[in-house]
Amino acid sequence: MDALMKDGAYREYIIEVEGISKTFPNGVRALTGFSTRIRRSSVVVVIGPSGGGKSTFLRCLNGLEEIDSGSIVIDGIPLDDNKKNRLEIRKEVGMVFQSFNLFPHMTVLENVNLAQRRVRRKTKQEATETTMELLKKVDIPEKANSYPSQLSGGQQQRVAIARARAMMPKVMLFDEATSALDPEMIGEVLDVMKTLAREGMTMVVVTHEMGFAREVSDRVIFMENGGIVEEGTAEHFFSNPQEERTKLFLSQIL
Amino acid sequence: MSQAGALAVEFNSGYSKMIQYDAKQLRRIWFVLMRSTASDVVKFLLLVAALTWLMYRGTEMMGYHWQWHRVPRYIAGFEDGRFTRGPLLDGLLLTFRISAWSLVLAFCFGLVTALLRISNSFMGRVIARGYLELIRNTPLLVQLFFLYFVLAPVLGIGRFTSAVLALSLFEGAYASEIFRAGILSVTRGQWEAAYSLGLGTFHTYRYIVLPQAIRRILPPLTSQAVSLVKDSALVSTVAIYDLTMQGQVVISETFLTFEIWFTVAALYLVVTVVLSTVVSVMENRLRVAD
């Protein structure tokens, strides 16, 4: 049983966040000490006004931002000063950015292959096989040899999702993944994300797409001023939000 | 009267219309001519002719006697049907060797210094900054003399090595600032994407940051390389028989002052133009790959 626990035994909560706070050097208090736990294979949507700490929370989860106090544990590994732990978490937590951040000097294939080869140490052939499979899943296998600048925004974001998935992460973070897209491309990216959710990926999604929240999320967290104002199912938010602040926010975005 | 008047007006207006039309056409022909390659060539030849004439007048007033026909044998020639290098070609080859070594070393120094300045290590940043300021704010000639007369005997290195070291340390300081600018020009998102994929610092630099940075800094880096080739003329001061030194020797033997100096300048020009051309071909290749 102990051995099982060590290498990836079943833990109900894959993300455990305990009282984290973060103040930026310019004095902005982005996170003011909050806690939450996220179940394996669940989809959590984080909503709230800009500057409310949603993105900071997400970026803390894979160590892109340092927390000042509190603790973050990802699948049993604490995110602390230990470099090994940190690297392990970076490998196991994939991230999709608002601005795609594809590598512009590489083809789509090379973008998705890179981490598989350099971090997972796969051979070129193994990596390419995985990549082509993932590109088929996001519906653009024919673009494998194109450069990111030759793709539309929606296509670029789908490649970014495939790139993050290529590492076979246990958790995927989406930081306003559709906010930089033209309206007609939002759908194709959301579809990919929905499929991913149905396949059982643990996802933390910062978004303004309430339709997505309603359709696939298990839980919605409403954040403001660096803390949680209210949380519950999407249905709870749509039918009877408790807090005045939540009602106001929802009335503005719906 | 009215009929004659009308006729006159008609005639006048027609005439002026014809003139206008011709002027327009002429102007158009003139523009086409001025924009053609042929006119560029003509203009260039005119410029060269004017400069040649100026030079000719100048030297005539000094009473200089041109003897271009004596120059070729100092570059290269045929002796007993065999190709032999003249002193200038020997010098050129040495200049090549010095420049090539210095170029490689300078880029290494530059890259390492830039990485140290960006690194988290306090000592690394201090060392890089110290090297940069010390080298950039003192004359190359002094550095060369210091290396050759003070350090070389201690380290037991020859004049060639001292010269290469002095040149590459000097140009490396400038190159480091170019590298640093290039690295900093890669957006934060690229670093974050690499980070979130689990890539280490080395892999991030090797596959993400440097390939993008180097594309952007190729133009200033080329300028730096051209500078290096020309600055290499200073090594003649420590008795290295490079192109400049050979030129001086030939002049002291033959008194062909202007002919030899012009030839030397032309040979430097050949080297630097070849260098720039190679880089611009590379640049085009990289752009296609984008």
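Predicted model: local features only at pLDDT ≥ 70, side-chain atom pairs only at ≥ 80, totals over all residues.
Student: Let's start where the chains meet. How many residues of chain B are in contact with chain A?
Tutor: On the chain B side there are 20, and they are in contact with 28 residues of chain A.

Student: And what area is buried between them?
Tutor: About 2,000 Å², with carbon and sulfur atoms giving 58% of that. B:Tyr195, B:Leu197 and B:Tyr207 supply 33% of the area that chain B buries against chain A, more than any other three residues.

Student: How many salt bridges are there between chain B and chain A?
Tutor: The count is two. One of the salt bridges pairs B:Glu192 with A:Arg59, where the closest N and O atoms are 2.6 Å apart. Which helix gives the most to the side of chain B that touches chain A? That's α8(B), with eight residues.

Student: Switching to the surface: which residues of chain B form a nonpolar patch?
Tutor: B:Leu141, B:Phe145, B:Phe146, B:Phe149, B:Val150, B:Leu151, B:Val154 and B:Leu155, with about 720 Å² of accessible area together. B:Leu141 sits in helix α6 of chain B, residues 140-155.

Student: Okay, backbone now. What is phi of A:Asn101?
Tutor: Near 55°, a positive value in a residue other than glycine. Most residues other than glycine have a negative phi. A:Asn101 lies in the loop between β6 and α4 of chain A.

Student: And what about phi of A:Asp139?
Tutor: That one is near 75°, again positive.

Student: Is A:Asp139 buried or exposed?
Tutor: A:Asp139 is exposed, because its relative accessibility is 57%; A:Asn101, at 8%, counts as buried.

How values were computed
Residues numbered from 1 in each chain as written. Chains lettered and ligands numbered in written order. Heavy atoms only, no water. Patch = residues over 30% accessible without salt bridge, like charges linked within 9 Å, V, L, I, M, F, W, Y side chains within 5 Å. Areas by Shrake-Rupley, 256 points an atom, 1.4 Å probe, with all protein chains shown as cover. Salt bridge = Lys/Arg side-chain N within 4 Å of Asp/Glu carboxyl O. Helix = DSSP H or I, 4+ residues; strand = E, 2+ residues; numbered from the N terminus. Buried < 20%, exposed > 50% of the residue type's maximum accessible area, 1.4 Å probe, protein only. Contact = heavy atoms within 4.5 Å. Buried area = accessible area lost by both parts, 1.4 Å probe.
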